[in-house]
Amino acid sequence: MKIPKSTLEQWQVLQAIVECGGYAQAAEALHRSQSSVSYMVAKLQEQLGVELLEIDGRRARLTRNGEALLNKARELLGDAFQLEQLAGSLAEGWEPQVSIAVDSLFPVELLVQVLRDFEPWARHTRVNLEETVLSGSEDALIEKRVDIAIVSRIPSGFLGDALMDIEFVAVAHPCHPLHALGRELELDDLGRNLQIVVRDSGTLNPRDHGWLNSNQRWSVTSPHTRLEMICNGIGFGWLAEHKIKNQLEQGLLKPLPLRVGQRRKLSLSLVVANPELAGPGTCRLANLIRKVVADGIQLRPLCE
């Protein structure tokens, strides 16, 4: 096993000499004697067999070789500091990974803001995000795949906090045959037309929330695909109102004039899988979710 001739400490001293402009200034910044600083750089040059510094007036400047080597050494020093920060985070109990399952109904603007706010706190914590449909987040909790979940139904054995209500509205393209009837619609009218639904991503206790007992039903796995299909005149469906605001304003979708049942409501809740054993990262992320939801869905600018 080979052992490097140079040390990170030597490269740090060299960097200080360059950034501070001389041996004396570097010694003061590093709280060392000037003789020890001079010795460490001289020893480094001897070990490498390369001249790293040259004196220009009263300033110490890098040679071309010294500049190339110090650029690489800066990367090593940065990695070393990150390694120490990681050790400190782990010592404080920060988890190396936090996993979260999020129902696809949760507003993406809120999710982005939560992750943006979490990132500065969790430089050494990986985030594993699982986006789910219907009972998918419940499965993730039951199977112990996640630390946090945003669910539309809290599974047995877990406690959660109410986050927000999601409003659904029955819609179709303005040129859809259902709109052409020119009257209030009944359940039978819907049963004679194609409904587009999103398949439950869960497998333990799958649900058919919002489906009619009709053979005229197409299932897709992506909420975005369903939206595109309905916007292009293929079928109808109950869609989350906050997800289709632009399409409604642009006239790509129009609410169906149902006599009853045009609107539906579903509540989303936040569940911490194991509150008693949750680490700092999990607690921080859960608190950010609560705060961002309470503040509203307006995504804050990146530069403020």
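## Exercises on helix packing and burial

α1 passes α3 in a left-handed crossing (left-handed if the near helix is turned anticlockwise from the far one by less than a right angle, right-handed if clockwise). This is a predicted model, in which local features need pLDDT of at least 70 and side-chain atom pairs pLDDT 80 or more, while totals for chains, interfaces and linings use all residues. Residues are numbered from 1 along each chain as its sequence is written, and side-chain values use heavy atoms, leaving out hydrogens and water.

**Exercise 1.** Describe how α1 packs against α3.

*Solution.* 
- Step 1: Find helix α1 at residues 8-20 and α3 at 34-48 (helices are DSSP runs of H or I with at least four residues, strands of E with at least two, numbered from the N terminus).
- Step 2: Look at the geometry. The two axes lie 9 Å apart, at an angle of about 115 degrees (axes are fitted to C-alpha atoms, for helices over the stretch in contact, and angles between N-to-C directions run from 0 to 180 degrees).
- Step 3: List the partners. From α1 come Glu9, Gln10, Trp11, Val13, Leu14 and Ile17, and they meet Val37, Met40, Val41, Lys43, Leu44, Gln47 and Leu48 of α3 (contact means heavy atoms within 4.5 Å).

**Exercise 2.** Classify the angle between α5 and α11, and name the residues that bring them together.

*Solution.* 
- Step 1: Locate α5 at residues 108-118 and α11 at residues 280-295; their axes cross at roughly 135 degrees and come within 9 Å.
- Step 2: Sort the angle (under 35 degrees is roughly parallel, over 145 roughly antiparallel, 65 to 115 roughly perpendicular, the rest oblique). The pair is therefore oblique.
- Step 3: Name the residues. On the α5 side these are Leu110, Gln113, Val114, Asp117 and Phe118, and on the α11 side Gly281, Arg284, Leu285, Leu288, Ile289, Val292 and Val293.

**Exercise 3.** Find out how buried Val292 and Asp295 are.

*Solution.* 
- Step 1: Check the surface. Val292 has a relative accessible area of 3%, so it is buried (buried is under 20%, exposed over 50%, partly exposed in between, with a 1.4 Å probe and protein chains only). Asp295, at 49%, is partly exposed.
- Step 2: Look at the surroundings of Val292. Leaving aside residues up to four places away in sequence, Val292 touches Leu110, Gln113, Val114 and Asp117.
- Step 3: Relate sequence to space. Val292 and Leu252 are 40 residues apart in sequence, with 30 Å between their C-alpha atoms. Asp295 and Glu138 are 157 residues apart along the chain, and their C-alpha atoms are separated by 26 Å.

**Exercise 4.** Decide whether His31 and Leu134 are buried or exposed, and look up phi for His31 and Leu134.

*Solution.* 
- Step 1: Find the loops. His31 sits between α2 (23-30) and α3, and Leu134 sits between β4 (126-132) and α6 (136-142).
- Step 2: Read phi. For His31 it is about 60 degrees, a positive value although the residue is not a glycine. Leu134, also a residue other than glycine, has a positive phi near 55 degrees.
- Step 3: Compare accessibility. His31 is exposed at 76%, whereas Leu134 is buried at 12%.

**Exercise 5.** Sum up the whole chain.

*Solution.* 
- Step 1: Count eleven helices and eleven strands.
- Step 2: Note the burial: 41% of the 304 residues count as buried.
- Step 3: Take the box along the principal axes, which for the C-alpha atoms is roughly 90 × 45 × 40 Å.
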